Amino acid sequence: MKKLIADVHSHTIASGHAYGTIREMAAVAKEKNLKLLGLSEHGPGIPGTCDPFYFLNLVVIPRELYGVEIIHGCEINVLNDGSLSLEERYFGQLDYAIVGIHGQCYEDAGIVKNTENLIQCMGHPKVRLVSHPDDDHTPLDYRALVLAAKESHVALEINNSSLLKPDKRLNCVKNYETMLALCQEHQVPVIVNSDAHDPSYVGRFEEAEQLLQRVQFDETLILNNDIEKLKKFLLN
């Protein structure tokens, strides 16, 4: 399998329940021979995360650390009314946005409404990724999700952290198998991320790679095995 050279879903101490600084995360990215690291702190709704003002000052962070390119995102929560948990005025300094459902600020509304809410949030022009769409505690209609991702120019994530805790992510592996088959059928790109909350997890992709190899997923649909392909999709 072609080497993955970027990790764009990661969290620093600014997210409140993560344990590395920006430079500690970047240093490990360098050790793992990553070319690009995306910092994507949690948006409002997650206990202890940064005030949204944090995102207004991202310009002060160097765009390269230890030879690794740094880009800035936010993992924004899908709310039960189908809205995003981050106000529009904070999007200006973001390179990209990730949307995802988190139990801390979302109540299961059933497979149809969960999917509708997520798809509605995918329509924002800054949103490029859906985080960990894999947990049947908030079930999703994967055919509808994949078709909406194709229409909205949004990639679906294979989250390595989810695969490390399948006991907490209900039917995680089965859901990824279903989603990947549909992505391959409809030629919808995916991205593999660590969802690192500690520097030691930056660039950890092994479990996701094993899953992709087992289902014989088309490598041309994986965004982060080619830096130019990734940046064209994520930043344009």
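Predicted model: local features only at pLDDT ≥ 70, side-chain atom pairs only at ≥ 80, totals over all residues.
Two strands are said to pair if DSSP finds at least two bridges between them.

I begin with strand β7, residues 155-159. Four bridges join β7 to strand β8, residues 190-193, and these two strands run parallel. Within that pairing, E157 stands opposite I191 in β8. Strand β7 also pairs with strand β6, residues 127-130, again in the parallel sense, over two bridges. Here L129 stands opposite A155 in β7. Between β6 and β7 the chain passes through helix α4, residues 142-152, and this β-α-β crossover is right-handed.

How many of the five residues of β7 are buried? Five of the five are, so far as the cut-off of under 20% relative accessible area defines burial. In a regular strand the side chains alternate between the two faces of the sheet. In β7, A155, E157 and N159 lie on one side, L156 and I158 lie on the other, and both faces are covered.

As for M122, its contacts beyond four places in sequence are V99, V127, V130, L145, A148, A149, S152 and V154.

Helix α1, residues 22-31, comes next. Its buried residues are I22, M25, A26, V28 and A29. Why do they lie on the same side of α1? They do so because they cover an arc of only 160 degrees around the axis. An α-helix has 3.6 residues a turn, so residues three or four places apart point the same way. The elements that cover the buried residues of α1 include β2 (36-42), α2 (53-56), β3 (64-65) and β4 (68-77). Just after α1, N33 takes a positive phi of about 65 degrees.

Two loop residues deserve a moment. T49 is placed in the loop between β2 and α2. Is T49 buried or exposed? With a relative accessibility of 16%, T49 counts as buried. Beyond four places in sequence, T49 touches A14, S15, G16, H42, G43 and P44. Its C-alpha atom is separated by 20 Å from that of L37, which is twelve residues apart from T49 along the chain.

The other is H132, in the loop between β6 and α4. H132 is buried too, its relative accessible area being 7%. Setting aside residues up to four places away, H132 touches H9, E75, I101, H102, E157, N159, S162, R169, Y176 and D195. Y176 is 44 residues apart from H132 along the chain, with 9.3 Å separating the two C-alpha atoms.

Finally, the cysteines. A disulfide is a covalent bond between the sulfur atoms of two cysteines. The count of disulfides in this model is zero. C74 is in none, as the nearest cysteine sulfur, that of C50, is 6.9 Å away. C74 is itself buried, with a relative accessible area of 0%. Thank you for your attention.

Technical notes
Residues numbered from 1 in each chain as written. Heavy atoms only, no water. Contact = heavy atoms within 4.5 Å. Buried < 20%, exposed > 50% of the residue type's maximum accessible area, 1.4 Å probe, protein only. Right-handed = clockwise from strand over helix to strand, strands pointing away. Arc of directions from axis to C-beta. Disulfide = S-S within 2.5 Å.
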